[in-house]
Amino acid sequence: MVSFVVRRVAAGAVLLFVVSALSYLLLSVPDTDVGRQILGSGAPTETVAAKNRELGLDRPVPVQYADWLAHAVRGDFGTSWFTGENVVRAIATRLPVTVSLMVGVTLVTAVLSLLLGVWAGVRRGAADRLVQVLGVLGYALPGFLVTLVIVVVFAVRLGWFPAIGYIGLTESVPGWLSTITLPVASLSVAAVAGVSQQVRGAVIDVLRQDYVRTLRARGLPPSRILFRHVLRNASAPALTVLGMQFVGLLGGAVIVEQIFGLPGIGAMTVTYTTRGDIPVIMALVMVAVVGVVAVNLAVDLLVGWLNPKARTA
Amino acid sequence: MKKSTRAVTLAAFCVTAAAALTGCAGSGGKGGAGSTTLTIATMTLPQSLDPADANGSALPFFQAVYDTLLKREPDGSYSPMLATEWKYDDDRTELRLTLRDGVTFDDGTPFDAAAVKANMERFGKKAGAQAKTLKDVKSIEVVDRTHVTLKLSQPNPAMLYFLSDAAGLMANPKAFDKPGDPLKTRPDGTGPYELDSAKSAIGTRWVYTRARNYWGTRLPYENLTISYFNNETAIVNGLRTGQINAALLQAADQQAAVENDRKLSKAEQEFDFQGIVLFDRGGALVPALRDPRVRQALNHAIDRRTMLDKLRQGRGEVTSQIFGTQAAGYLKELDPHYAHDPAKARELLRQAGYASGFTLRLPRVTAIVPDALASSLQTDLNAIGVKLAWENVDAGAIRKIFTDRAYPAMVMNLGQHAVDWIGINDYVLPGVFNMFGTTDDTVRELLPRIQRAEGAQAKEDLRKLNRHLVEQAWFVPFYRMSYLHVSDGTVRVTPQSGMAVPSIYNYAPAK
């Protein structure tokens, strides 16, 4: 187990290096004029050139990257070219917002998908058809449309929740819940639709296995068969999909954070990428890669823990 | 029995949780009448809070913590702020300022003539977007503690405006030599508010609290929050729920969305104009553009009214001039100067020797030129035989346009300043938007007169200049765009002359 974790962490470190080098190269395309972006189209050419020199952009790209890497390995990601804020502090302020969103959606998705998937897989018939129709609907509806409808109905019309903004968990727990509920609900629609179908399929597959028939024949109670045997074996595909959903949520978070005006890293990625703020974008890329590696590792460990057969796979 | 107790407990929990959550709805920024907090939404991100980085629509971020030498009133007139009096000498190359006595920075450092000199010299030297505004300041002479004289290399009719804008923001000089430029995130000025760093998240939300020992008249709000959004949908939702007290809406569809909402207060303002800036009037890249008849033909080809109606739902005013309604050089009769007349345009091209047309290769930044505008312009110009070829330019690659001078013209949204000289400086004199430095005898004759005259005296020459620019078709303006100042009904917003966003002094509780 330890060697597995060490190998995965080492692979993650290599991935970080490769992604950082490629990202820096792509961000430093020769046409980008960061000085002009910062100072605006009306700034004199010589002022723009001075700004580019001040930012070190007059140096060759490999030198710029080496400089960035030397600082990054020490945890120093520099300051934003556009706002002057410390990059680590800026991301640390925004990361809890996005993490709240992603964890919230994952929990809601896990619980609802499990309930719906198991219900459909065990009951079959009308229940199964209903879950399938809901799944198709949830998947087919465009995410932005669902979000807009939710915000207009529950925030603007009914006034039950705030339409915009974020209150930190440490500031006020009810406040945090109130600001995170609608964004989580918006993102959960498609996620539940996808994962519940996986759970349903996996449950049906396991229920058809010979050993389940044997367990039934031995007179084990249905609940014991379901919770001790069926769910444990059906967990692997569901958890894998849930892990992929978690990583994919970063993309969905971009839209939801914009509509709800949440100060998370999704909205931050859009703002700073369009401006070409390399120190911030690079740090965001690193956060995303670390997140992907960590989630995949966690899913592998969890699947192994739930299903011993998977440990040898 | 046990089951029903559990159900009741669960129901009670749900009701309590729902009440607690809904009780929090809107807690993000209730403000306005009777409130102590004003929450403004913006789509402008300041580069930093160092006055050297102050620019355009980001000014309110700075006004909260720094005072300017002069205060610009909503109507564009000037009133005392850190300078109590100002006077030009006869040839308008020396501006003497009398400074307010008894004002100190947070650490007790007095605001004096030495501070003004240090601030302005630093502003001119730093690579800030507005550093150019002090290019005519040759030297700054400290006369005594409360008097300073700006010596100008030539008269600059916009100098008072600049002293009420970014160049006039005064920071504590003691912060200048500290390592790491602390002013970027920890502003130190004499303004009406202080930045509350603990509650602020730079880049997202700036929270200001009233300065304890502010020298001037207190503003109506105890706290000021400026929140950054990158889309107007969230802003409109925030206004409707009262989480945002005031904001400027620029997009026509968002303006339409709030139009019939009676709860919201609205005030319209025209500031930016949209049009084609013809850089290459000398014909270096496209020889045809050297001929005024060709430029006039381009103006006649554009169906401004249809464009305004279809693309901005009629929110604005068609125009053929770059001077805005508040400028002294503005002439109402010039707005409809170039009627949509493809036949006349084709005739003008024929007279100029371009009967078979020519190709115009223009850069396209999609944020400025969306698909509908791009195809509309292509259709209009194609109708007179001018082939418009768009080249998509990424916002990060605009160096091609301004440094490489690779394009003869560009569709832009540009401000129409109330101070004529700012517009002249930006669009008529050689510079970024006149990158080939083209001019003519009339312009050469009028500019020095305008530069040296008082505002009212210059009016006639400004109007002559405006008429000349329109007749010679230096530009192809389409329309002035209407923006909407919207408040949640609890705040009265007074638009600011010459600025798209209001100053922070322009907000008050609605009665």
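**A walk through chains A and B**

Of the 313 residues in chain A, 40% are buried, a residue being buried if 20 or more other C-beta atoms, placed from the backbone, lie within 10 Å of its own, exposed if 12 or fewer do, and partly exposed in between. This is a predicted model, in which local features need pLDDT of at least 70 and side-chain atom pairs count only at pLDDT 80 or more, while totals for chains, interfaces and linings use all residues. Residues are numbered from 1 along each chain as its sequence is written, and chains are lettered from A and ligands numbered from 1 in the order in which they are written.

Chain A has 13 helices and zero strands, where helices (H or I, at least four residues) and strands (E, at least two) are DSSP runs numbered from the N terminus. The C-alpha trace of chain A spans about 85 × 55 × 35 Å along its principal axes.

Where the two chains meet, chain A contributes 49 residues and chain B 45 residues. On the side of chain A that touches chain B, at least two residues come from each of α2 (34–39), α3 (45–54), α5 (87–123), α7 (143–157), α8 (173–207), α10 (222–259) and α11 (265–275) of chain A. That side divides into 23 nonpolar, 20 polar and six charged residues; here Ala, Val, Leu, Ile, Met, Phe, Trp, Tyr, Cys and Pro count as nonpolar, Asp, Glu, Lys and Arg as charged, and the others, Gly among them, as polar.

Helix α5 of chain B (residues 232–241) is largely enclosed by the rest of the structure, because ten of its ten residues are buried. Those buried residues, including Glu232(B) and Arg240(B), pack against α7 and α10 of chain A together with β1 (37–42), β11 (246–249), α6 (252–259) and β17 (475–487) of chain B. After α5(B) comes Gly242(B), whose phi is positive, near 80 degrees.

A nonpolar core is a set of buried Ala, Val, Leu, Ile, Met, Phe, Trp, Tyr and Cys residues joined through C-beta atoms within 7 Å. In the largest such core, of 204 residues, Met170(B) and Ala247(B) touch the most other members, and α8(A) gives the most to this core, with 15 residues. Apart from it lies another core of eight residues, among them Val34(A), Leu39(A), Ala43(A) and Trp81(A).

Chain B also holds an open sheet of four strands in the order β4-β5-β7-β6, with antiparallel pairing, two strands being paired if DSSP finds at least two bridges between them. Because β4 (83–88) and β6 (137–144) of chain B stand at the edges with a single partner strand each, one side of each is left without a neighbour in the sheet. Five bridges join β4(B) to β5(B) (residues 94–99) in the antiparallel sense, and Trp86(B) has Leu97(B) as its bridge partner in β5(B). Helix α3 of chain B (residues 113–125) packs on this sheet, touching β5, β6 and β7 (147–152) of chain B, and its direction makes about 165 degrees with that of β6(B); axes are lines fitted to C-alpha atoms, for helices over the stretch in contact, and angles run from 0 to 180 degrees between N-to-C directions.

How values were computed: Contact = placed C-beta atoms within 7 Å.
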